[in-house]
Amino acid sequence: DVHGAPILYAHSRCTSAPRLVSDVWTTIGEFLAQGEAAYSSVLLTAPAFDEDLETWVEAVFPLLEESLVAARVSRDIGIVCFHPRYETPSEKWLATHRFGHMYAPTTLRRYCAEAGAEDLAALPDDDLRYYGSYMRRSPHATINVLWSRQLAAAERRRESAGFYARNLRRLAD
């Protein structure tokens, strides 16, 4: 059972990926120490990365992924990537760096087909990538930390295929 709790808001002024990851870990430390009763999630903004999508995708998120695995908390929490200029990485990149990113067009296409949205499933890859990328855009570079148990409960309550198909429909219309 999932109970509501406040969001832990944080902000980093760091301008390098390693220092940002340090700030993220300071916030994750508080998040983990206080637990699910205290916080439902974290939203950490890092505006120094607003114009640097490449570092955001190729350094920040791989560093976060490796550090969560090394700290043995990757089964307890998940992290999602948001950025003002977010673009879903290529399927080749996602094959080894899926952590925190939007699904590739082939997965979005499958979700649309499963949800009965054949017109969306027929969209070209470029359109699906654009709409999927748009779902991960935000005013500032933002790291969203979530409890894995709550994510799993949400997945049980909602059907992912329908969720993504509805969001794609809103964007395509």
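Trainee: What makes H83 count as buried?

Mentor: Buried means under 20% relative accessible area, with exposed over 50% and partly exposed in between, using a 1.4 Å probe and protein chains only. H83 has 0% relative accessibility, so H83 counts as buried. A word on the source: this is a predicted model, where local features need pLDDT of at least 70, side-chain atom pairs count only at pLDDT 80 or more, and totals for chains, interfaces and linings use all residues. Residues are numbered from 1 along each chain as its sequence is written, and side-chain values use heavy atoms, with hydrogens and water left out.

Trainee: Where does H83 lie, and which residues is H83 in contact with, leaving aside its neighbours within four places in sequence?

Mentor: H83 lies in the loop between β3 (77-82) and α3 (91-96); helices (H or I, at least four residues) and strands (E, at least two) are DSSP runs, numbered from the N terminus. Contact means heavy atoms within 4.5 Å, and the partners of H83 include F49, D52, W56, R136 and H140. The H83 side chain also reaches the backbone nitrogen of R85 at 3.0 Å.

Trainee: How do you know that the length of helix α2 agrees with its number of residues?

Mentor: The expected span is 1.5 Å times one less than the number of residues. Helix α2 (residues 53-70) has 18 residues and should span 26 Å; its end C-alpha atoms are 25 Å apart, so the two agree.

Trainee: Where does α2 bend?

Mentor: At V60, by about 25 degrees, and the proline P62 follows within four residues. That bend is the angle between axes fitted to the seven residues ending there and the seven starting there. Among the buried residues of α2 are W56, V60, F61 and L64, and what covers the buried residues of α2 includes α1 (17-34), β3, α3 and β4 (142-147).

Trainee: Why is the pair of F61 and F99 called tilted?

Mentor: Rings of Phe, Tyr and Trp (its six-membered ring) pair if their centres lie within 6.5 Å; planes under 30 degrees apart count as stacked, over 60 as edge-to-face and the rest as tilted. The structure holds ten aromatic pairs. For F61 and F99 the centres are 6.4 Å apart and the planes at 50 degrees, so the pair is tilted. This pair links distant parts of the chain, with F61 in helix α2 and F99 in the loop between α3 and α4 (105-114), 38 residues apart. Both F61 and F99 are buried.

Trainee: What makes the pair of Y103 and Y111 edge-to-face?

Mentor: Their planes are 80 degrees apart, with 5.5 Å centre to centre. Y103 has a relative accessible area of 22%, so Y103 is partly exposed, whereas Y111, at 10%, is buried.

Trainee: How do you know that R136 lies over the face of F82?

Mentor: A charge sits over a ring if NZ of Lys or CZ of Arg is within 6 Å of the ring centre and within 35 degrees of the ring normal. R136 lies over the face of F82 at 5.8 Å from the ring centre.

Trainee: Is R72 buried or exposed?

Mentor: R72 has a relative accessible area of 75%, so R72 is exposed. R72 sits in the loop between α2 and β3, and its phi is near 60 degrees, a positive value in a residue other than glycine.

Key. A polar contact is a pair of N or O atoms within 3.5 Å; within protein, one must be able to donate a hydrogen and the other to accept it, and residues adjacent in sequence count only if both atoms are side-chain atoms.
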